Amino acid sequence: MRRARTPGVNFDLAFGSRAAVVLAAVLAVVATVALDRLAAADRDSPVRHRLVLGVPWGTITVAAVVLAVYLFVQGGWSHWYQPVVIPFRAWSYLAPLGVAVSGFAHSGPGHLLGNLLGTLAVAPLVEYAVGHFPRRRGSSSFGSLRDTPYVRAFLLFPGATICVGLVSGAFALGPVIGFSGVVFAFVGAALVYRPLGTVVALSASGLLSTAYRALSSPVVEASGRSAYITPWWADIAIQGHALGLLVGVLAATWLAAARGDDLPRPRRLALGALLVGVEQSLWAVYWYRGGETYVLFRGVGLAAVAMLAVLVAALAVDRDAPAADTVREALRALTPRRGAVAGLLVVLAVLSGPAVAVNLVAVGDEPLPGDPVEVRGYTVTYAENVENGMVSVIDVDAFGETTSVTTSGVVVRNPDRGVWATAVSKGRLAFAGSQRVVLGGVGWRETVTVTRRGWTTVGGGGPAYRVTLTHDGETTLAFLSNASRAEPRVSGRVVSVVPTESGFELLVEGGNESVRAPIPEQNETVTANGLSFERDGRAVYALGDEANASTGNATLTRVRVAVRERYGGGNG
């Protein structure tokens, strides 16, 4: 017997879950603060001696700047899930807008929120170490403009962060985008001062992310589904992350030396650097082999992280040494810290050098195949097995790998902006069936919709498909694949599906004839070269007469020859 629902009571599970999360957070914070005050009732908070009102205003200002770029420069305010991305990547020094903005722009809300949460978790450690109040002996908080706490909080700290963002865009390898280079600079600087605290702060970033997801989606219903997935490590800008980490480590080392700050013991530095490097996947060194194939050098990457941890640990070991005028004197005066700094500078140069070479070269402006769509300087088309105009911009062969690689998918090019990109890979389009490519610049955006429709023959070697581009209400045919031949023979005839400019046709070969007919619509029948074809849902069946070897009589056969492609979004 079903229990009757009480009138007037309508419990919203999602609302109740959100309320529970908020209530638990408030209670946890209030209880923790109260317990902390009870335990240290006679002590003054050290945070208020380092930060104005005990608040990391610089971190908050930086986060606001990054959010403003997403909302107002990339158009995220009106298109939260699909901001303008392509022109704001670091394509080339010949397109300075992308280089300048790439370190603060993001590819989507998940990318943005991940970096904002990482900033809020780690940057306060660095801001606390730097401090809003001067620490030099004899200095006062308002003795000069540089020593004014509000200037340090709202101008100097955000200004230094913006400089690091510009550096990350200028020296990152490839058309990267995102604030993660700066986040890793925060991580590197925090490592030097608080190595194990940095590990805890990164865990706090995960806590903040989980809390955000619990508020945005408190109840999730999921079931098994197909998905198109590339290797997770192939979506990480490892070079940019390592670059930011080294910049942060070196900057914090210089600051500590200038102020005479003591650093943690080497073993703590080594452990912190190793844990951060492994947890943040700095070992995921990979290369692009063309198409949709990548290779991961996990062993080399892990060894590099271990060596990096040793160099960071050496920063805490130093002895007073005189200045050197010659190489011999320099070698005699070499200390572990000086050696580590030199080693880190060499690594920094090795990481950034290739980026400089690539960013100085313009992408080619050779005609793209097919019938491209032109949108205010952008050229969009679909092509297969064409040379990747970005990776192949400099021809290099080393360790069995090469930069001369090919790509297949939706190609976007704009020589004026230094853009050459595979905006949608062949595999992703084959899975989704339709994708939108957002083009634009500061203050404008245009969308090109790319659509693939195809048929797969039974036992055939591959699908037959056509790709179209739609922009501003006009649809252009961009690509036709080869025909696909079905394996079954019907009445001695071979059936193939052929993509055409207007759609798809059936090609029936046999009896010294080749006859074409359009693929029938649902519940329709067409004939070609002695065969009849009927449509049943997504499948096409061929009907023909087959001779019975035992009786000599002809019998009607019905054979499935082709099936319409089904796509990840349910389109068919």
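**Note on salt bridges, a helix pair and a surface patch**

1. In this predicted model, a search of the whole structure turns up 6 salt bridges. One of them joins the side chains of Arg 452 and Glu 565, with an N to O distance of 2.6 Å. Arg 452 belongs to strand E10 (residues 444-457) and Glu 565 to the segment after strand E20 (554-564), so this pair ties together parts that are 113 residues apart in sequence. Both Arg 452 and Glu 565 are buried.

2. Arg 558 and Glu 534 also meet through their side chains in a salt bridge, at 2.5 Å from N to O; since Arg 558 lies in strand E20 and Glu 534 in strand E18 (residues 531-536), the pair ties together parts that are 24 residues apart in sequence. Arg 558 is partly exposed, with a relative accessible area of 44%, and Glu 534 is partly exposed at 22%.

3. Arg 558 forms a salt bridge with Asp 536 as well, the closest N and O atoms being 3.8 Å apart. Asp 536 is partly exposed, its relative accessible area being 43%.

4. Turning to the helices, H10 (residues 266-279) packs with H11 (residues 298-314) at an angle of about 150 degrees, with the axes 8 Å apart, which makes H10 roughly antiparallel to H11. The crossing of H10 past H11 is right-handed.

5. On the surface, Tyr 150, Phe 154, Leu 155 and Leu 156 form a nonpolar patch with about 400 Å² of accessible area together. Leu 156 sits in helix H6 (residues 149-171) and is partly exposed, with a relative accessible area of 41%.

Terms used
Residues are numbered from 1 along each chain as its sequence is written. This is a predicted model: local features need pLDDT of at least 70, side-chain atom pairs count only at pLDDT 80 or more; totals for chains, interfaces and linings use all residues. Side-chain values use heavy atoms; hydrogens and water are left out. Patches are made of residues with over 30% relative accessible area and no salt bridge: like charges are joined within 9 Å, nonpolar side chains (Val, Leu, Ile, Met, Phe, Trp, Tyr) within 5 Å. Accessible areas come from the Shrake-Rupley method with a 1.4 Å probe; for residues, only the protein chains shown count as cover. A salt bridge is a side-chain nitrogen of Lys or Arg within 4 Å of a carboxyl oxygen of Asp or Glu. Helices (H or I, at least four residues) and strands (E, at least two) are DSSP runs, numbered from the N terminus. Buried means under 20% relative accessible area, exposed over 50%, partly exposed in between (1.4 Å probe, protein chains only). Axes are lines fitted to C-alpha atoms, for helices over the stretch in contact, and angles run from 0 to 180 degrees between N-to-C directions. Angles under 35 degrees count as roughly parallel, over 145 as roughly antiparallel, 65 to 115 as roughly perpendicular and the rest as oblique. A crossing is left-handed if the near helix is turned anticlockwise from the far one by less than a right angle, and right-handed if clockwise.
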